Amino acid sequence: AIRGKVYDVTGYLAKHPGGAAILLQYGGRDATEVATAAHRVSTLAAQLMKERCIGRLAASSQEGAETRSTGAPSSLGDFDDVHSALAS
């Protein structure tokens, strides 16, 4: 998540100029600090992120975070499982 927004970057992993590893490293985690440092003033990055935004983080009384979907499937699944699948 970056600034409270959740992104699906699966289709962009091979195209990311910084490599897929950094995206996978921060999958399911808050990447605000590292993403803003890398993309300070980039309209291209902003447009690409806008296209891939699938929801916003919502406060939760349960452990972890939930998302409110913006048209994406209602369940985002377990990010650790997704990370493991993509890494293999």
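A residue is called buried when its relative accessible area is under 20%, exposed when it is over 50%, and partly exposed in between (1.4 Å probe, protein chains only). The tour applies these words to a predicted model, in which local features need pLDDT of at least 70, side-chain atom pairs count only at pLDDT 80 or more, and totals for chains, interfaces and linings use all residues. Residues are numbered from 1 along each chain as its sequence is written, and side-chain values use heavy atoms, with hydrogens and water left out.

**The whole chain**

Helices (H or I, at least four residues) and strands (E, at least two) are DSSP runs, numbered from the N terminus. Of the 88 residues, 18% are buried. With a surface display, the accessible area is about 6400 Å², and carbon and sulfur atoms hold 53% of that area; the areas come from the Shrake-Rupley method with a 1.4 Å probe, and for residues only the protein chains shown count as cover.

**Confidence**

Next, colour by pLDDT, the predictor's confidence in each residue, from 0 to 100. The average is 74, and 66% of the residues score at least 70. Select residues 61–77, where the pLDDT is below 50; beyond near neighbours in sequence, this stretch has 20 contacts in the model. A contact means heavy atoms within 4.5 Å.

**A38**

Now select helix α2, residues 32–38, which contains A38. Is A38 buried or exposed? A38 is exposed, because its relative accessible area is 60%.

**The salt bridge**

Proceed to E51 and R52, whose side chains form a salt bridge at 3.7 Å, N to O. The term requires a side-chain nitrogen of Lys or Arg within 4 Å of a carboxyl oxygen of Asp or Glu. The whole structure contains 1 salt bridge. E51 is exposed, with a relative accessible area of 52%.

**The second largest pocket**

Finally, display the second largest pocket, with a volume of about 270 Å³. Its lining has 14 residues, and those closest to the centre are I2, R3, Y7, A46 and M49. The elements giving two or more residues to this lining are β1 (5–7), α2 and α3 (43–52). Helix α3 supplies the largest share, 4 residues. A pocket is an open set of points on a 1 Å grid over the protein atoms alone, where a 1.4 Å probe fits, with protein on both sides within 12 Å along at least five of seven lines; lining residues have an atom within 4 Å of a point. Grid points are joined across faces, edges and corners, and the volume is the space filled by probe spheres set on them.
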